[in-house]
Amino acid sequence: MDPIRPATAQDEAAVMELALVNDMFGPDELEGLRSAFRSATSGEEDGHQWHVVVDSDDRVTAAAYVAPEPFADRLWNLYFLAVSPAAHGRGTASRLIGYVEQLLRAAGSEAARVLIVETSSTEQYAAARAFYRARGFDEEARIREYYGPGDHKVVYWKALTAG
């Protein structure tokens, strides 16, 4: 089983490539993601975490980015989750999201109580929506035409604490 570890600055190119090959961002849209990656891995953003799955040659095969919502009570947002197409269907994303949830639960209820994730309503993201539902996330909201005409933001919600 490939290990999961905190991302380092050396993982930047591989993470950006995951965003591109999974059609999550175009080349001209990477600057915001790159900035978030750099500020989190340098420690500039308190609590922001990137985690990667690496193969036996320490090549990044998946990545996740989670951070606390600044104006919410112990709510975290999974901003990014991507797996190399060669590793799709092997449980890598499930392991990685499980790892993130375990880290947040281990931080305790005083630090984390809810995890949310946002995605698109388009057909391109149908598998992502099914993935989150299968892992116990509830569809909490839809913001119509958020990303553009006919492309709604779909927000999923999951409790990290009992009760």
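Predicted model: local features only at pLDDT ≥ 70, side-chain atom pairs only at ≥ 80, totals over all residues.
**Aromatic contacts in close-up**

View 1. Trp 50 and Tyr 65 form a stacked pair. The structure holds 8 aromatic pairs. In this one, the ring centres lie 4.6 Å apart and the planes meet at 0°, so the pair is stacked. Trp 50 lies in strand 2 (residues 49–54). Tyr 65 lies in strand 3 (residues 60–68). The pair therefore ties together parts that are 15 residues apart in sequence. Trp 50 and Tyr 65 are both buried.

**View 2. Tyr 65 and Tyr 79 form a tilted pair.** The centre-to-centre distance is 5.4 Å, with 35° between the planes. Tyr 65 sits in strand 3 and Tyr 79 in strand 4 (residues 75–83). This pair links distant parts of the chain, 14 residues apart. Tyr 65 has a relative accessible area of 7%, so Tyr 65 is buried.

**View 3. The charged end of Lys 153 sits over the ring of Tyr 146.** The distance from this charged end to the centre of the Tyr 146 ring is 3.8 Å.

Note on methods
Residues numbered from 1 in each chain as written. Heavy atoms only, no water. Phe/Tyr/Trp six-rings, centres within 6.5 Å; stacked < 30°, edge-to-face > 60°. Helix = DSSP H or I, 4+ residues; strand = E, 2+ residues; numbered from the N terminus. Buried < 20%, exposed > 50% of the residue type's maximum accessible area, 1.4 Å probe, protein only. Lys NZ or Arg CZ within 6 Å of the ring centre and 35° of its normal.
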